[in-house]
Amino acid sequence: MAGGRMSASPAAPGWRWAPPWVLAFVALWPAPGYAEAVLALGAIAGIVQLLLSRFRGSASLLSGPAWALTSVLFFAYWLPEAISAIDAADRVRALREALVDLRYLPFLWIVASAVASEEGRRRTFGGLAVIVGVWTLDALLEAATGTSPLFWAIDSAKQAISGHGMCTVQEVAALDRLGGVLGPCNLKLGIVLASLSPFALDAAWRRYGRAGWFIAAALVGLVILLAGARAAWLTYGLVLAWTGWRLLGWKRLLAVFGLGAALLLAAALVSPPVAERLNRSTAVFVGNAQGVDHALSGRSRIWSAALCMARTHPFNGVGARGFREAFPACDAESGTLAAWGTGPALHAHQIVLEVLSETGGFGLLLWLAGAAMARRAWRYADAAAREAARPAMLALAVTVFPFNTHLAVYSTFWGGVLLLLAALYAGSLLGREST
């Protein structure tokens, strides 16, 4: 994997439909069923393109190192899931899910090939920036009017097709933050925008300079703030720190963060949900276990259970997505009403603890091996390759940043997001060999 991305030959154009396929998959995240259909079709297309490419004796889709890194990152994710299924609580379901998730591999080859050339990166990264921009403006309209135009259109189409909307009446009534295009029953807008924001900020800077970066950073940041997920606040803060430091320098960057803090306080004054989350965060300074647990929304109880699972199933964990079944036996406060309400915790809410509890030491070792391979590829790539891959690298790095809380990495939605970012990184860094 040593060596950087090499320039593509005019005689090796790759597959021109790869970027639109990737963008369609992302754009359809608000309609998960259709996004999964695009993924499945992309997997079939990936297999076909691979066979055609190999039969031609050509590396026109991807370089050898890019094929290898994309596959290594996939297996670092998938093998722990497969091994954990051997003695999972629901073994049949776990094995079936592991087999179904094999569809990601050929789709990831398509994703990597979409960004393997300069033209492909321009179309794909630019398209992701447009999606982030459209979703941001849509969420700002929701903040101003109370309705997301995009979600309203999706919900109306769902009503016309099936006779019922995307969300239940109870979910709509319980909405206490911006749902945006994802709606009130899939409150992941903040963390999704935070993870994809490097593409938008990079595009704004390249097209409009510092002013473009600042305006984009402010608008995306306002939506992430109002979307309410504190994990997204930290993720976006990391994005601003990295991109702002390179573009503005530390002094101007400190001014930007000062403005962000003022914006946060202003939002807390006019938005009760933001004020509640800010107040909850400050409870960590109370200095006792109750204050810390309150600040973490009950996650210290979940993390304690995750450590229990890791101790009792040290090799391969309790099974990917088996956290909810194993939680009652490891809940030290069983019988006490949890901060999240009734029922077991669904996942560990922290990537290291999720991998350790659900896939054990074997799974954590493979994840670390995948991270090491990704880091090694970056280290040995040339400067041009690093610059080409920088938005994807940053998006992937902040998404898996270990000192944060996280969505479930083995869930269908967030697992797909994570693998997509991994493939964008591998394809844009190692690219395509000239022929």
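Student: Which hand does the disulfide of C167 and C185 have, and why?
Tutor: That disulfide is left-handed, because the torsion about its S-S bond is about -60°. A disulfide here is a pair of cysteine sulfur atoms within 2.5 Å, and C167 and C185 have theirs 2.0 Å apart. Bear in mind that this is a predicted model, where local features need pLDDT of at least 70, side-chain atom pairs count only at pLDDT 80 or more, and totals for chains, interfaces and linings use all residues. Residues are numbered from 1 along each chain as its sequence is written, and side-chain values use heavy atoms, with hydrogens and water left out.

Student: Is C167 buried or exposed? And what about C185?
Tutor: C167 is buried, at 15% relative accessible area, whereas C185 is partly exposed at 33%. The cut-offs are under 20% for buried and over 50% for exposed, with partly exposed in between, using a 1.4 Å probe and protein chains only.

Student: How many disulfides are there by this rule?
Tutor: The count is 2 disulfides. C308 and C330 form a disulfide too, with sulfur atoms 2.1 Å apart. Their link is left-handed, with -65° about the S-S bond. C308 lies in helix α14 (residues 299-312) and C330 in helix α15 (residues 323-330), so this pair ties together parts 22 residues apart in sequence. C308 is buried at 13%, and C330 is buried at 12%.

Student: What's the pairing if I number the bonded cysteines in sequence order?
Tutor: It reads 1-2, 3-4.

Student: Switching topic: how many helices and strands does the protein chain have?
Tutor: The chain has 18 helices and 0 strands. Of its 435 residues, 51% are buried. As for contacts (heavy atoms within 4.5 Å), among those between residues at least 6 apart in sequence, 74% join residues at least 24 apart.

Student: How many residues of helix α5 are buried?
Tutor: For α5 (residues 104-114), 11 of its 11 residues are buried. Among them are Y104, F107, W109 and A114.

Student: Which residues touch the most other members of the largest nonpolar core?
Tutor: W29 and L424 do, in a core of 106 residues. α9 gives the most to this core, with 17 residues. A nonpolar core is a set of buried Ala, Val, Leu, Ile, Met, Phe, Trp, Tyr and Cys residues joined through side-chain atoms within 4.5 Å.

Student: And what does L424 touch?
Tutor: Not counting residues up to four places away in sequence, L424 touches V111, V115, T124, F125, L128, F199 and A392.

Student: What does L366 contact, leaving aside its neighbours within four places?
Tutor: L366, found in helix α16, is in contact with F75, A76, L79 and P80. The C-alpha atoms of L366 and V355 are separated by 9.9 Å.

Student: Last one: where does S411 lie?
Tutor: S411 is in the loop between α17 and α18. S411 is buried at 17% relative accessible area. Beyond its neighbours within four places in sequence, S411 is in contact with Y77, R321 and G416.

Notes. Helices (H or I, at least four residues) and strands (E, at least two) are DSSP runs, numbered from the N terminus.
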